[in-house]
Amino acid sequence: MIGANIEKIKQQIGQNVQLVAVSKTKPVELLMEAYNAGQRIFGENKVQEMVAKHEQMPNDIEWHMIGHLQSNKVKYIAPFVSLIHAVDSLKLLETINKEALKNNRIINCLLQIYIADEETKFGLDETELNTLIESETYKQMQNIKIVGLMGMATNTDDENKIRNEFKKLRSLFGNSRFTNYDLRILSMGMSSDYKIAVEEGSTMVRVGSLIFGDRNY
Ligand SMILES: *Cc1c(COP(=O)(O)O)cnc(C)c1O
């Protein structure tokens with residue numbers, strides 16, 4: 001079942017778009033089903049849960065932190081996390097840099113951009129993005145690498161609205177002022193809107209319920 005779900009999504013997104021299997025709240029047995037079907041990138045949004053699953057599962061998995069991350073928790077994932085999707089402040093980036101240094105690693109990060117019109121969503125606006133990426137503090141950091149942008153569209157049935165929000169993110173991503181920064185990853189699209197996201201230039205989709213079924217919180 002899980003393997004078939006993954007296969008279907010992979011066919012729809014094509015070979016140039018990466019699939020993050022969002023496994024938050026799901027037990028390790030279900031993640032292992034995905035693993036055995038060939039899935040190697042898993043996304044979690046809680047530090048404790050990600051650490052526990054990392055300890056129980058094979059070593060060749062790429063663990064992506066997709067949720068809002070608190071600075072005081074970075075140290076727990078710094079030894080192994082392969083991509084942090086939702087960086088939304090210079091302060092958080094400084095903490096990640098410090099913890100990455102302690103682990104003798106370079107940690108890849110995405111900056112989360114605010115594109116929805118929902119109070120509950122996090123992220124930088126265009127001005128904050130430019131300020132951060134052009135700041136000396138950022139340029140001095142040796143142990144992080146910003147490799148792209150991430151965003152979440154408004155939770156709505158209005159397909160046009162979603163499409164326009166993704167277009168906005170895509171245009172920020174393509175902004176020529178970032179040509180020196182090697183931004184490669186555009187993380188946008190979830191179960192409800194990944195097809196639109198891929199049409200609008202996403203290079204990485206984060207899909208949970210369509211793979212593992214609905215979550216009961
Ligand atoms: C939970 C979550 C997803 C996946 O949501 P689904 O609707 O289950 O696909 C994607 N991105 C983030 C940031 C999430 O927290």
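Visitor: How far is the polar side-chain atom of serine 191 from an oxygen atom of the ligand?
Guide: This is a predicted model. In it, that serine 191 atom lies 2.6 Å from a ligand oxygen.

Visitor: And how much of the ligand does the protein bury?
Guide: The protein buries 90% of the 390 Å² that the ligand exposes when taken alone.

Visitor: What about lysine 24, how far is its polar side-chain atom from an oxygen atom of the ligand?
Guide: The distance there is 2.7 Å.

Visitor: Which other residues surround the ligand?
Guide: Among them are Val22, Ile66, Met150, Val207 and Gly208. By class, the shell has 6 nonpolar, 3 polar and 3 charged residues.

Visitor: New topic. Where does the ligand sit?
Guide: In the largest pocket. That pocket holds about 470 Å³ of space.

Visitor: How many residues line it, and which lie nearest its centre?
Guide: The lining has 23 residues. Lys24, Ile66, Met152, Met190 and Arg215 lie nearest the centre.

Visitor: How does the lining of the largest pocket divide by class?
Guide: It has 8 nonpolar, 9 polar and 6 charged residues.

Key. Residues numbered from 1 in each chain as written. Predicted model: local features only at pLDDT ≥ 70, side-chain atom pairs only at ≥ 80, totals over all residues. Heavy atoms only, no water. Near = heavy atom within 4 Å. Polar contact = N/O pair within 3.5 Å; in protein donor to acceptor, adjacent residues only side chain to side chain. Areas by Shrake-Rupley, 256 points an atom, 1.4 Å probe, with all protein chains shown as cover. 1 Å grid on protein atoms, 1.4 Å probe; cavity = no way out; pocket = protein on both sides within 12 Å on 5 of 7 lines; lining within 4 Å. Sits in = over half its atoms within 2 Å of the grid points. Nonpolar A, V, L, I, M, F, W, Y, C, P; charged D, E, K, R; others polar. Points joined across faces, edges and corners; volume = space filled by probe spheres on them.
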